[in-house]
Amino acid sequence: MSLSNRILSATLALALLLGGALAVVEIVLSSLGRQPWLVPHQSWTSWLSSHTWNDPVVLVVLVVLVVLGVLLTVTALRRGKPKELQLPSSLEGVRISASRRGVEKSLATTAARTSGVSGATARAGRRTISVDATTRSRSEGDLTEQVTAHVTDRLDQLGLSSTLRPRVNVSNQEGR
């Protein structure tokens with residue numbers, strides 16, 4: 001589960017908990033014949049009874065709720081980055097995997113070792129590996145090809161060249 005899904009889930013759980021507690025308090029106050037604490041349910045009831053499903057205000061609120069529900073569902077069902085990347089194995093029934101972060105560090109180190117590169121970072125997704133390299137020289141075009149070749153060679157060594165496609169971006173450090 002990704003960090004954004006965890007935060008979203010915790011926020012929704014807290015909102016539901018507080019909403020449920022508020023509903024219990026309001027029901028108890030109404031049962032005792034006291035005034036509402038936060039929710040003026042009598043005025044809400046009269047407003048709701050004077051409007052139909054076809055009123056524009058009701059339709060807008062319903063459409064907003066449906067869109068919010070669809071967005072939450074899409075966010076929850078979206079696949080995150082894999083924690084491990086499967087490596088090829090020549091042995092039957094043996095699965096070998098490498099951590100995504102380990103592969104990222106290996107490819108960043110490979111890119112940083114290229115002549116003319118002063119630093120590099122790598123981020124692995126499901127299908128691509130993005131390598132951002134920085135240089136102090138002005139000739140970024142040739143350097144991009146060299147870094148791409150080194151990263152591709154490293155992916156071949158790891159057996160991930162058919163799984164991950166490299167995207168290399170070389171930028172000039174002076175321009176930052």
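**Reading charges and core in a predicted model**

Guide: This is a predicted model, and a search of the whole structure finds two salt bridges.

Visitor: How should I read a salt bridge, and which side chain meets Glu104 at 2.9 Å, N to O?

Guide: Side chains of opposite charge can pair when their charged atoms come close. Here Glu104 meets Arg100 in a salt bridge, with 2.9 Å from N to O. Both residues belong to helix α4 and sit four residues apart, about one turn of the helix.

Visitor: Are Glu104 and Arg100 buried or exposed?

Guide: Both Glu104 and Arg100 are buried.

Visitor: Which residue forms a salt bridge with Glu104 where the closest N and O atoms are 3.5 Å apart?

Guide: That residue is Arg123. Arg123 is in strand β3 while Glu104 is in helix α4, so this pair ties together parts that are 19 residues apart in sequence. The accessibility of the two ends can be read from their relative accessible areas: Arg123 has 46% and is partly exposed, whereas Glu104 has 5% and is buried. Through shared partners, the salt bridges join Arg100, Glu104 and Arg123 into one network.

Visitor: Now the nonpolar side. Which residues touch the most other members of the largest nonpolar core?

Guide: In soluble globular proteins, nonpolar side chains tend to be buried together. In this model the largest nonpolar core has 21 residues, and those touching the most other members are Leu107, Ile129, Val131, Val147, Val151, Leu155 and Leu160. Two or more residues each come from β1 (84-87), α4 (100-112), β3 (117-124), β4 (128-135), α5 (140-158) and β5 (165-172).

Visitor: Which element gives the largest share of this core?

Guide: Helix α5 does, with five residues.

Visitor: What does Leu107 touch, not counting residues up to four places away in sequence?

Guide: Leu107 touches Ala122, Ile129, Val151, Arg154 and Leu155. Among these, Ile129, Val151 and Leu155 are also listed with Leu107 as residues that touch the most other core members.

Key: Residues numbered from 1 in each chain as written. Predicted model: local features only at pLDDT ≥ 70, side-chain atom pairs only at ≥ 80, totals over all residues. Heavy atoms only, no water. Core = buried A, V, L, I, M, F, W, Y, C linked by side-chain atoms within 4.5 Å. Buried < 20%, exposed > 50% of the residue type's maximum accessible area, 1.4 Å probe, protein only. Contact = heavy atoms within 4.5 Å. Salt bridge = Lys/Arg side-chain N within 4 Å of Asp/Glu carboxyl O.
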